[in-house]
Amino acid sequence: VKFEGGNLPSSIGGLIHLRYLCLHKAGLSHLPSTMRNLKLLLYLNLDVAYGEPVHVPNVLKEMLELRYLSLPLFMHDKTKLELGDLVNLERLRAFSTQHNNVKDLLRMTKLRSLAISLSESFTFETLSSSLRELRNLEMLDFFSLPETYMVDYMGEFVLDFIHLKELVLAVRMSKIPDQHQFPPHLEHIDLYYCRMEEDPMPTLEKLLHLNSVELRHHAFVGRKMVCSKGGFPRLCALNISEELELEEWIVEEGS
């Protein structure tokens with residue numbers, strides 16, 4: 001539904017028993033401070049628009065029962081949200097290193113799914129100390145806007161989450177991290193907008209539990225890719241799309 005003037009009515013704050021609120025693609029530009037009254041919410045989706053900044057008041061910290069939270073991808077520059085008390089969160093999407101304090105993640109030990117929007121000033125090394133307590137993570141998504149974030153390579157950031165099954169990386173890096181930097185039981189990896197210059201296959205094929213791989217939207221900008229004999233022992237699905245520089249793909253017998 002579209003709201004007049006892009007504003008969610010302040011009367012929303014009267015729905016004090018509300019458990020579920022989804023404003024996906026509602027085209028809002030402003031959320032009212034009366035939302036602080038919705039203290040019983042379990043599910044809150046604020047993915048209201050794409051491309052337009054949204055004013056979000058700092059009231060989410062009072063929704064202590066939240067299990068699922070999806071934030072707007074674009075918020076006003078001065079927006080600062082405190083989320084450190086949301087210790088019951090299990091799924092958190094579009095957590096922004098620009099608009100949120102990464103130390104808030106330390107207390108969210110129940111998180112199973114986390115998607116982080118990276119800003120220019122943050123690196124993987126900066127994040128590592130704030131993620132160390134998230135031992136229950138099963139899905140982790142690092143994404144950035146290509147025009148604003150140009151990190152080149154992930155450095156020595158080690159993803160040692162024992163339960164992590166799915167990893168999405170949409171950050172620029174000249175080459176894929178080493179094998180030992182990936183979670184030991186990773187099953188799915190999705191790479192896009194990485195613009196890797198070195199072939200990622202020699203590393204990916206050594207991740208023994210992978211059953212699906214996606215390389216899309218300029219993940220790889222090299223010309224040649226090789227899948228060697230004995231690699232990818234459990235792979236069931238491979239999606240390669242929009243790799244415009246790729247000219248030669250060699251798949252050895254037994255790969």
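The model is a predicted one, in which local features need pLDDT of at least 70 and side-chain atom pairs count only at pLDDT 80 or more, while totals for chains, interfaces and linings use all residues. Residues are numbered from 1 along each chain as its sequence is written, and side-chain values use heavy atoms, with hydrogens and water left out.

**Stop 1**

The C-alpha atoms of Pro177 and Thr203 are 8.0 Å apart, although 26 residues separate the two in sequence.

**Stop 2: the sheet**

Now display the strands alone. Two strands are taken to pair if DSSP finds at least two bridges between them. On this basis, 10 strands form an open sheet with parallel pairing, in the order β1-β2-β3-β4-β5-β6-β7-β8-β9-β11. The edges are held by β1 (20–22) and β11 (237–241); each has a single partner strand, so one side of each lacks a neighbour in the sheet. From one strand to the next, the twist averages 10°, where axes are lines fitted to C-alpha atoms (for helices over the stretch in contact) and angles run from 0 to 180 degrees between N-to-C directions.

Strands of a sheet pair through backbone hydrogen bonds, in either the parallel or the antiparallel sense.

- Select β3 (residues 68–70) and β4 (residues 91–96), a parallel pair with three bridges; the bridge partner of Ser70 in β4 is Arg93.
- Move to β4 and β5, which run parallel and are joined by four bridges; here Phe95 stands opposite Ile116 in β5.
- Finish with β7 (residues 166–170) and β8 (residues 188–192), a parallel pair with four bridges; Val168 has Asp190 as its bridge partner in β8.

**Stop 3: Asn45 in strand β2**

Select Asn45, which belongs to strand β2 (residues 43–45). Asn45 is buried, at 7% relative accessibility. A polar atom of the Asn45 side chain lies 2.9 Å from the backbone nitrogen of Asp47. This is a polar contact, that is, a pair of N or O atoms within 3.5 Å; within protein, one must be able to donate a hydrogen and the other to accept it, and residues adjacent in sequence count only if both atoms are side-chain atoms. Contact in general means heavy atoms within 4.5 Å. Apart from neighbours within four places in sequence, Asn45 is in contact with Leu21, Cys22, Leu23, His24, Tyr68 and Ser70.

**Stop 4: helix α1**

Which residues of α1 are buried? Select Phe124, Leu127, Ser130 and Leu131 to see them. Viewed down the axis of α1, the buried residues fall within an arc of 115°, so they line one face of the helix; the arc is that of the directions from the helix axis to the C-beta atoms. These buried residues pack against β5 (113–117) and β6 (139–143).

Within α1 (residues 124–131), centre the view on Ser130. Ser130 is buried, with a relative accessible area of 3%. A polar atom of its side chain lies 3.4 Å from the backbone oxygen of Val102. Not counting residues up to four places away in sequence, Ser130 touches Val102, Lys103, Leu105 and Leu106.

**Stop 5: cysteines**

Colour the cysteine sulfur atoms. A disulfide is a pair of these atoms within 2.5 Å, and the count by this rule is zero. For Cys227, the closest cysteine sulfur is in Cys236, 15 Å away, which is too far for a bond. Cys227 is buried at 3% relative accessibility, whereas Cys22 is partly exposed at 34%.

**Stop 6: two positive phi values**

Lastly, select Lys25 in the loop between β1 and β2. Lys25 is not a glycine, yet has a positive phi of about 60°, and is exposed at 58% relative accessibility. Then select Glu242, in the loop between β11 and β12 (248–251). Glu242 also has a positive phi, near 55°, and is partly exposed, with a relative accessible area of 43%.

Note on methods: Buried < 20%, exposed > 50% of the residue type's maximum accessible area, 1.4 Å probe, protein only.
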